[in-house]
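Hi there,

Here is the structure I promised to pass along. Have a look at it first, and my notes on what turned up follow just below.

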Amino acid sequence: MNRRLAGWVFVAPALAAIAVFFVGPVLAALAMSLTDFDIYALADWRNLRFVGFDNYVALLRNPLFWQALLNTCIFVVLGVPLSIGASLGAALLLHSPMARLQGFFRTALFAPVVTTLVAVAVVWRYLFHTRYGLLNHALDAIGIAPVDWLGDPLWAMPAIVLLSVWKNFGYNMVILLAGLQAIPEDLYEAARLDGARRWALFRHITLPTLAPMLLVVSILTMAGHFQLFAEPYVMTQGGPAQRTVTVLYLMYEEGFKWWSLGSASAVAFVLFAIMFAITLLQLKVSRTQAGR
Amino acid sequence: MRLRPGHVLVNGALAVLSAATLFPLAWMLMASLMAPGEASQFPPPLWPKSPSLANYRQLFEAHGIARQAANSLAVAVAATLLSLAFNLSAGYAFAKLPFAGRERLFRALLGALVIPGQVAMMPLFLLLKQMGLVNTYAGALVPWLASVFGIFLVRQYAQGIPDDLLEAARIDGAGEWRIFTAIVLPLLKPIIVTLAVLVFLGSWNDFMWPLIVLTDRDLQTLPVALAGLSREHVQDTELMMAGSVLTVAPVLILFLVLQRHYMKGLLMGSVK
């Protein structure tokens, strides 16, 4: 067996799996989003009809879709900056030359990342309990009246943001910590000799050096946030008043509760298009800023 | 060492932040040892009055959770082995075996990363239904077979293998498969451990796909079963906490033991 042939043979199983179980289904989803695939078609394929862009048009006319999109955007806009802010703050603390027991603290702060989302969502549902939840108990100690976290349409999404920040900040913290450790100490030394204060060092050395990494981290974090599903599924079931129905939650209900697989595929593609557009926008904005 | 205000501030902040981060997990464990109804008192207690494993016993005896725990373990172990089988040879080939169109193919794979996996779920469900794999372990395993991330991870690591070593083996007349199994795989050991840990934790924690494809209670994994139980037993705080501990503890312990390998994978994956 020569080397060129061997290469193909070695990648063939993986490529076949990806083609059959991912690329194929993605293309099929695009086709399916143009059909009225529903529970009748599920029973008998002959009931399947081509409907063009009807699913997309119906989606844009569906107030629940707009609500879901709004809810998802609220989650992204609140969650991404808070999460990255917490990651950066924790990474800076860990990176401080004054910090002791770095290994221990890093493990402690990272622990939620490896936990099972469903399980910790169940835990937080009780921590958020209006009467017996420890969060309200703690707030009470500093004189804040109890909040009906998961029952109040105003607070349900912020509560999910809180859980999500707790669960996820450790991930980016570890990445940013590695970024901080990679900044050469000479840069700081030189600036210190020039009399730069701590804030100036952060503003003019740390942030610009970390910028490319922050961009990647924010793109990946944003993509992750657009895929919010398990938290509302476990904690609120989309409520109260549909304020925690997310785009993926809508896709799940359309597809696997009502078996409108055509319509669910359309939801999935709209989500993909939005994520793609925002990623491109982020890359573009960062490029113009870098070029300035 | 002199105690300076800076030291107190930095380490104090780290201690408070770590305590706050670990608190929900600690409370989960404490509440799981409480008597039924004990957690729903005012003020909410932090410690069980008389710790007992009754909630765990109830999970196993009345709810048969051992079955779902075994499902989770089986799926995670199988997902890990399958992903190693598919990704190791592909990652090595992308790093070390030149073939026509290799670079273009690899770029296409990386490009596919922008497509969220959920887009494929509806047709994938139909495909598996046709194949009779809905409500089987195999159905739950399909997304873990080969992954762009896994291939990428192995490729990154395999690029460090010296070409001379492979050439020398070829001159000695070794075939490509023999070179892979006898020379390359032992060298890839560190990344094998890393990939295995990442896939094991990922598949154990996975929720949306198992929720869709495993509707039969006897086949469900722990997260799916826990989500179902928590809808039926909203009031049973202590029981649900025992279920959460049971779900989280194995992965948390595995992570603590193999932390170094996990972090390496995380950092290698993040520089793409």
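Let me start with how the two chains meet, keeping in mind that this is a predicted model. On chain A, 70 residues are in contact with 72 residues of chain B. The biggest contributor to chain A's side is helix 1 (residues 3-32), which supplies 18 residues. That side of chain A is made up of 56 nonpolar, ten polar and four charged residues.

Now for chain A as a whole. Of the 292 residues in chain A, 41% are buried. As for contacts in chain A between residues at least 6 apart in sequence, 69% of them link residues at least 24 apart.

The nonpolar core is worth a look too. The largest one has 160 residues, and the members that touch the most others are Val118(A), Ala121(A), Met173(A), Val267(A) and Val154(B). Helix 8 of chain A (residues 156-181) gives the most to this core, with 14 residues.

Leaving aside residues up to four places away in sequence, Val154(B) touches Asn87(B), Leu88(B), Gly91(B) and Tyr92(B), along with Leu188(B), Ile191(B) and Leu195(B).

Note on methods:
Residues numbered from 1 in each chain as written. Chains lettered and ligands numbered in written order. Predicted model: local features only at pLDDT ≥ 70, side-chain atom pairs only at ≥ 80, totals over all residues. Core = buried A, V, L, I, M, F, W, Y, C linked by C-beta atoms within 7 Å. Buried ≥ 20, exposed ≤ 12 C-beta atoms within 10 Å, placed from the backbone. Helix = DSSP H or I, 4+ residues; strand = E, 2+ residues; numbered from the N terminus. Contact = placed C-beta atoms within 7 Å. Nonpolar A, V, L, I, M, F, W, Y, C, P; charged D, E, K, R; others polar.
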